[in-house]
Amino acid sequence: EELVALAETIKVLNDDDALDLFKKTLPSAGASFVQVQVTASSQRARALALVRAVAWTSKLPGLDLIALALNGKAAGFEKVLKLIDELLVNLKKEQEGDDGKKEYCDKAFDESDDKKKEL
């Protein structure tokens with residue numbers, strides 16, 4: 001039965017009517033794709049809708065922040081990122097100062113321990 005069904009299928013596919021139908025389904029040379037202009041605001045609105053849909057089902061706190069950023073009128077967090085970078089530079093400087101103070105304190109503790117042992 002399967003062999004008969006396969007033979008009939010091959011016969012149908014090799015038929016001229018099937019070839020004509022196949023040619024009709026393919027796009028012709030004159031057909032082209034239509035380009036759609038997408039604005040940044042429409043992309044932002046679509047992304048916001050997707051983020052809100054995911055945030056509704058999962059309670060991830062990061063998604064709220066992303067939704068807040070997408071909902072705002074400003075394009076991004078450039079100012080915040082700049083402030084964070086400046087904060088990191090200041091923290092590195094403070095850490096270097098703290099490391100120097102720690103070395104001084106460690107040295108002072110060692111000297112005082114040596115003096116205690118001498119007494």
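How many of the twelve residues of helix α1 are buried? The count is zero, and α1 is hardly covered. Buried means under 20% relative accessible area, exposed over 50%, partly exposed in between (1.4 Å probe, protein chains only).

1. Basis. This is a predicted model: local features need pLDDT of at least 70, side-chain atom pairs count only at pLDDT 80 or more, and totals for chains, interfaces and linings use all residues. Residues are numbered from 1 along each chain as its sequence is written, and side-chain values use heavy atoms, with hydrogens and water left out.

2. Fold content. The protein chain has five helices and zero strands. Helices (H or I, at least four residues) and strands (E, at least two) are DSSP runs, numbered from the N terminus. Of the 119 residues, 4% count as buried.

3. Helix α1. This helix covers residues 2-13. The expected span is 1.5 Å times one less than the number of residues.

4. Salt bridge. The structure holds one. The side chains of lysine 102 and aspartate 106 meet at 3.1 Å, N to O. The definition asks for a side-chain nitrogen of Lys or Arg within 4 Å of a carboxyl oxygen of Asp or Glu. Both residues lie in helix α5, four residues apart, about one turn of the helix. An α-helix has 3.6 residues a turn, so residues three or four places apart point the same way. Aspartate 106 counts as partly exposed because its relative accessibility is 37%.
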